[in-house]
Amino acid sequence: MALGRVELEFSARVIAASAVVVVFGLVWVIPIYGLLSGSLKSLAEVQGTPVLSPPSELNFETIARVARELTGPLKNTFITVLPVAALATWLGSLAAYSIYRRMDRVSDSIMVAIAIATYIPYHAILVPLINLVKSLGLYDTLPGIALALLTYYTPMAALLMVIFMSAIPRFYIEAAMVDGAGDLRVFRRVVLPLLGPGLTSTMIFLFIMTWNNFYIPLLLSRGYETHITLKIFSYVGQSGTLYNEMFAASLLGSLPPLIVFLSLGRYFIRGLQAYGGGVKA
Amino acid sequence: MAGKGIRVENLTKVFQPNVVALDNVSLDVEKGEFLVVLGPSGSGKTTLLRIIAGLERPTRGVVYIDGEAVADPSKKLYIPPQKRDVGMVFQNWALYPNMRVFDNIAFPLEIKGLSKSEIRRRVKEVAEVLGIQELLDRYPRQLSGGQQQRVALARALVKNPKVLLLDEPFSNLDARVRVTARTFVKKVQRSLGITTVLVTHDQADAFAVGDRIVVLNQGRIQQVGAPRELYDEPANLFTASFIGDPPMNIVEAHASGLEAIVSGKASIGEGYRIGVRPDEAIASKTPPPGGLVATGVVDLVESTGSREYAIVNIGRASLNVLVDPSSSLSPGERVYIVFRKVHIFNEKGERIATIVG
C-alpha cells in the first residue's frame with residue numbers, strides 16, 4: 001500500500017512537471033504560431049483581425065513572395081555568420097587552452113579582461129567601431145560586419161570555452177606532455193577531441209547570437225540587404241507597415257537558427273552536461 | 001658526479017603561499033633500479049615524482065636524469081617534460097579516451113616522427129611484452145582496470161624512455177588484480193632493466209616491487225633502505241609505525257612493565273619509547289626456556305584467518321602480540337610473552353638500540 005502511495009505521489013509530480021512543460025511550450029510556440037498565421041493572411045485581414053485568430057484561407061503567396069525577396073539577405077547572413085561562429089569558437093578555444101595551461105596571475109587578469117569585454121554594450125563602442133571599419137575600407141561590406149561580429153563575440157566564445165575546458169581533467173594534458181607532445185599537438189590531438197560537445201555548444205550559441213544580431217549590421221550597412229535582421233526591419237515602412245510580409249520575413253528569418261538548434265540541440269545539451277558532470281573517460 | 005639513473009639534490013618544493021611539500025630531499029636512483037617512494041597522503045611523494053617528470057618545477061635543488069641536470073632553479077634551468085625522455089603511468093592511467101589502444105600507444109612514437117611501419121612494429125612489440133595484442137582495436141572505456149593499466153604501461157615504455165615513473169599505479173585496481181599486477185610490473189621492469197620510480201601509500205605495493213624503498217613523511221625522507229631493512233631496522237618511530245602490518249606496538253619505556261626486560265641491555269632515558277612488532281612477540285601458556293620474557297593477562301583474541309593475535313596487558317602497557325599456534329588463549333588468562341626483538345627509541349623518536357631475544 002505504502003508503495004502504491006509513493007507511486008501515486010510520483011505520478012502526481014510527473015503530471016505537475018508535464019503541465020509546467022506544456023505551459024512553457026505554449027508560451028514559446030504562440031509567437032511562432034502568430035508569425036505563421038499572420039503570414040498566411042492578406043494585408044487587409046492581418047490588420048483587421050486579432051493576431052491569434054486563424055487565417056480565413058491558407059494563402060502561401062505572401063510567404064513565397066517574401067522568400068524570393070529574402071534569398072539575397074539570407075545568403076549574405078549565412079556567409080557572414082557561419083565563418084564568424086566557427087572562427088570565434090576556434091579562437092576562443094585557443095584562448096581558453098592557454099588560460100587553462102597557465103593558471104597564474106597573468107592568465108587570471110586576461111580572464112577578467114575577457115569577462116569585462118563580454119559585457120561592453122554596443123552603444124559604448126559605436127563610434128570607434130564605425131570609424132575602424134570605415135578606415136579599413138570595409139564599411140557596408142560583409143567582411144566588415146563579420147569583422148565586427150568576430151571582435152565582439154570572440155571574448156564570449158573564450159569565456160564559454162574556459163568553462164568547458166575546466167571540465168577536462170588536467171592529467172590528459174600532462175600525460176600528453178610526458179609523451180612528448182608540444183602545446184599545439186596537445187591541443188589538437190588531446191584537448192580538441194575532448195572539447196567536442198563544448199565546441200558544438202559554443203558554435204551553436206554563437207551562430208544564433210550573430211544571426212539574430214541587429215545592431216552591428218545596422219551600424220555598418222547602408223541598405224537592408226547585408227543581414228536578415230535588417231531585411232525584416234525593412235518591412236517597417238515610414239508610411240505604414242506591411243504586416244503580413246513582415247510576419248513572413250520574421251518567420252523565414254527565424255527558421256535557420258531554429259533548425260540549427262533543433263537538429264543539433266542534443267549536442268548543445270551534451271555540452272552543458274559535460275560542464276556539469278566532467279568528461280566521461 | 002651524478003649517477004646514470006636519477007639523482008635529486010637538496011630538493012625543496014614550496015607551494016604558494018607557504019606549503020612545504022618537499023623539504024631538502026636528496027636521493028640517488030641507480031641505473032636499472034626499482035625504487036619505491038612510500039608515504040602517507042600529503043607526504044610529498046607525488047610532488048617528487050612530478051618534479052622528476054618535469055610537471056612541477058622545484059623551488060630549490062637540482063634534478064639529474066641519466067647524469068644530466070634537468071632542473072636547477074639556481075641556474076634558471078628547467079627542461080620541460082617533453083624533452084626529458086621519461087615514461088609515466090598516471091594514477092588513473094590517463095588513456096586518451098578518443099583514441100584506440102593502438103593510437104594511445106603509438107602517440108609518443110608519432111610525436112617522434114617515426115614512419116608508419118616503424119610505429120606499427122614497435123607498438124606490436126611492446127603490446128606483445130605486455131600481453132595486450134588483442135586489445136589494440138579497442139577504446140579505453142572498453143577495457144578493464146588491469147587492461148587499462150597495461151596499456152598505460154605500454155604507452156610509457158614504447159619510446160624506450162630513460163626512466164619510468166609510476167604514480168600509484170595499483171591503487172585503482174581491485175585487490176585480486178592488484179597482486180598479479182604487481183608481479184607483472186616487477187617482471188617487466190626487471191626484463192627491460194629500466195630505471196623506475198614508483199610512488200605509493202601502500203606498503204604491500206612497496207614490498208612487492210621495490211629494490212629499495214624511500215619512506216617519506218611531511219616532505220622529508222625518513223629512511224632509505226631495502227624492504228627487509230626498513231622492517232628490521234626502522235630508523236625512527238615514523239618508519240617503525242608506518243611499516244609493518246599489523247602495526248608495531250609503541251609504548252612509553254618507563255613504567256610500562258616492559259622496562260624490566262630491557263634493563264641492563266640498554267639505558268632508558270626520559271621520554272624513551274619501546275617498539276615491538278606483533279609478529280616478533282609470541283604469547284603462550286607454557287613457560288619458555290629463556291630469552292626476553294614477560295607475563296601478562298589476555299584482554300582480547302583476534303583471528304586473521306591464518307594467525308591469531310591477542311591484546312595482552314603487561315603492567316600498564318597493552319600490546320598486540322602473536323599467539324603461539326599450539327596455544328589457544330581466552331580473555332583473562334595469564335600468559336608468557338617471548339620477545340624476539342625489541343626496539344628502543346629516544347626522546348626524538350630515533351631508534352638507538354634493538355635488543356634481540
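**Where the chains meet**

Modeller: Chain B puts 22 residues into the contact and chain A puts in 17, contact being heavy atoms within 4.5 Å. This is a predicted model, where local features need pLDDT of at least 70, side-chain atom pairs count only at pLDDT 80 or more, and totals for chains, interfaces and linings use all residues. Residues are numbered from 1 along each chain as its sequence is written, chains are lettered from A in the order in which they are written, and side-chain values use heavy atoms, with hydrogens and water left out.

Colleague: How much area do chain B and chain A bury between them?

Modeller: Buried area is the accessible area (1.4 Å probe) that two parts lose on being put together, summed over both. Here that's about 1,900 Å², with 61% on carbon and sulfur atoms.

Colleague: How many salt bridges are there between chain B and chain A?

Modeller: Look for a side-chain nitrogen of Lys or Arg within 4 Å of a carboxyl oxygen of Asp or Glu. Chain B and chain A have 4 salt bridges between them. One of them pairs R50(B) with E174(A), their closest N and O atoms 2.6 Å apart.

Colleague: Where is the kink in α8(A)?

Modeller: A bend is the angle between axes fitted to the seven residues ending at a residue and the seven starting there. In α8(A), a kink of about 60 degrees lies at G196(A), shortly before the proline P197(A).

Notes. Helix = DSSP H or I, 4+ residues; strand = E, 2+ residues; numbered from the N terminus.
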